[in-house]
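Thank you for making time this morning. Please have a look at the structure on the screen before I walk you through it.

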Amino acid sequence: MSEAREGRMRLTLLGGFLGSGKTTWLRHQLHQGLLEDAHVIVNEAAATPVDDALLKGMASIEVLSGGCACCEARDELVARLVRLCDLRSGAASSEARLERVALETSGLADPAAILEAIGAHPVLVHHIVVSETIVCIDALHGLAQFRSEPLSRRQAAVADRLIVTKLDEADTSETARLVATLRVLNPGARIEGAIKGSPVALQLSADAEPETLPDLDGAPSDPIFPTRLILGDGVDWTAFGVWLSALLYARGDDVMRVKGVVRTPAGRLLLQSVRKVVQSPEVLPPQEDREDDTIVVIGRGYESADLRRSLERFAGVRGVGPRQ
Ligand SMILES: [Zn+2]
């Protein structure tokens, strides 16, 4: 069925586990003028969007924050999609009609739940066609995630296209094993490689064995939740760096993701870590409107209040925000 003839608005769903490189991939596509015609919706589980700062000015973009679009924020997502469909139906000309939406989900989203919500909705099912589900897989952490996180397997299993990210950071034989495992989890998907969003050919030995993954059915696991830390003025950056390193060293299996935009003497910096791997901070362009320095920590097995207390004690941070 030709998409153009079909007349429905196309939706590209972009998913992948915490820190798997979804935003980096999306930014690169937008830089390259791909997805140029798309309206982009970015979903973040935390109430304070960080990815918004990264993508601002690059596309028609809106942020859906304060909950994951596959569960807590599903009704809000559906409402926004219905609104886009209404606007499209009312467009004065076919040139003015929005033809494509790209949704970047949070790292905690199960894309299947979003696909179901669209398919079950009386309006959306007639106005939206999900043209592609793309799932990013972290070359460095993907196998570890498959071993312990049922959600990461479900994400991989529903993809039309799997993008193995951070190829430059992982060992080739590990990547070959990851790709072989992906072929078992999702035999139908196209598998591609990427470094910082750019496509890179996967040159891997064909005889790599897939990993036999443990059965996780029914295994209890604590919920993963975001904690927002607002850094007031006068943060001691050296102390903050030491605190973050110590936190990841001690709790790197529980703290799955740290992400934040902070204003430092060196400029506006994007700080990110995935498990124990801290990426070197990226300098972002200055921005006029005053924003809080916010760090979002996503993980499980601790209390938000304990994180705040330890940060306050360590780095002299005031006004650390409430749990969400
Ligand atoms: Zn969800």
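I will go from the chain as a whole to its sheet and then to the zinc site.

Please keep in mind that this is a predicted model, in which local features need pLDDT of at least 70 and side-chain atom pairs count only at pLDDT 80 or more, while totals for chains, interfaces and linings use all residues. Residues are numbered from 1 along each chain as its sequence is written, and side-chain values use heavy atoms, with hydrogens and water left out.

Of its 324 residues, 53% are buried, where buried means under 20% relative accessible area, exposed means over 50% and partly exposed lies in between, with a 1.4 Å probe and protein chains only.

Eight strands form an open sheet with mixed pairing, in the order 3-2-4-1-5-6-7-8, and two strands count as paired if DSSP finds at least two bridges between them. Strand 3 (60-65) and strand 8 (198-200) stand at the edges with a single partner strand each, so one side of each has no neighbour in the sheet.

Turning to the metal, the protein donors of the zinc ion are Cys68 (SG), Cys70 (SG) and Cys71 (SG), at 2.2 to 2.3 Å; donors are N, O and S atoms within 2.8 Å of the metal (3.2 Å for Na, K and Ca), and because water is not among the atoms, sites may look incomplete. Cys70 counts as buried at 10% relative accessibility, whereas Cys71, at 41%, is partly exposed.

Terms used: Helices (H or I, at least four residues) and strands (E, at least two) are DSSP runs, numbered from the N terminus.
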